[in-house]
Amino acid sequence: MSAALVAGLLAGYGIAIPVGAVGTYLVVLTARTGLRIGAYAALGVATADGLYAFIAVLGGSRLVPVIQPIAVPLRWASVVVLLGLAVHIGITGVRNFRASAKAEVTQPMAIGPLKAFVSLLGITLLNPATVVYFAALVLGSEDMAAATGAEHVVFVLAAFVASASWQLFLAGGGAVLGKALTGRRGRLVTALASSALITALGVRLLW
């Protein structure tokens with residue numbers, strides 16, 4: 001049981017720690033809306049990782065041939081979503097900057113906890129590499145191949161906890177960033193910088 005726990009924790013951190021477009025968006029979202037919304041968004045990302053870990057232990061070797069034919073469409077869908085987010089963040093930042101020239105904008109981005117959770121869950125689920133990653137780990141591990149049902153449950157829960165702890169850490173960083181950049185120009189700079197970065201990360205998925 002302890003082997004499954006360690007394997008799950010390592011798998012969860014392994015997929016969560018590299019900060020890509022989703023992690024960047026999570027930090028920016030938290031900086032602009034607050035820690036409460038960011039926490040819900042972080043749990044959305046972790047839930048997607050947990051679901052893919054669950055699918056991996058159930059599907060095993062049957063997953064790879066199923067995913068391969070749709071990997072390209074999923075990658076394009078992910079690019080479209082990320083570019084849409086980049087445009088939205090950039091336009092919102094410019095609009096708020098212009099509006100604040102007349103009156104200081106103090107209201108955060110209009111997004112609720114449920115929308116934040118579902119949005120980040122959906123964005124993360126669009127990445128087929130996540131389920132391939134978990135499937136490869138499960139198939140490549142002799143311990144996981146011989147694991148019982150209970151050990152599979154422990155593996156999935158540990159992967160979720162690891163991912164959630166890292167995503168919440170990123171959200172906390174976004175909350176600190178938000179306190180430091182509450183001014184008019186600070187909001188514009190973070191919006192444009194994050195828009196450019198997410199655009200670059202999205203385009204990079206094409207190669």
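Select Leu-58 to start. Leu-58 sits in helix H3, residues 35–59. (Helices are DSSP runs of H or I with at least four residues, numbered from the N terminus.) The model is predicted: local features need pLDDT of at least 70, side-chain atom pairs count only at pLDDT 80 or more, and totals for chains, interfaces and linings use all residues. Residues are numbered from 1 along each chain as its sequence is written, and side-chain values use heavy atoms, leaving out hydrogens and water.

Is Leu-58 buried or exposed? Leu-58 is exposed, because its relative accessible area is 55%. (Buried means under 20%, exposed over 50%, partly exposed in between, with a 1.4 Å probe and protein chains only.)

Now select Ala-11. Ala-11 belongs to helix H1, residues 2–16. Its relative accessible area is 3%, so Ala-11 is buried. Ala-11 and Ala-159 are 148 residues apart in sequence, yet 6.0 Å apart in space, C-alpha to C-alpha.

Next, show the whole of H1. Its 15 residues should span 21 Å at 1.5 Å a residue, and the end C-alpha atoms are 21 Å apart, so the two agree. (The expected span is 1.5 Å times one less than the number of residues.)

Which residues of H1 are buried? Pick Ala-4, Gly-8, Ala-11, Gly-12 and Ala-16. Look down the axis of H1: these buried residues fall within an arc of 115°, so they line one face of the helix. (The arc is that of the directions from the helix axis to the C-beta atoms.)

Finally, turn to the face of H1 that points away from the buried side. Exposed Ser-2 and Leu-10 are there.

Methods: Helix = DSSP H or I, 4+ residues; strand = E, 2+ residues; numbered from the N terminus.
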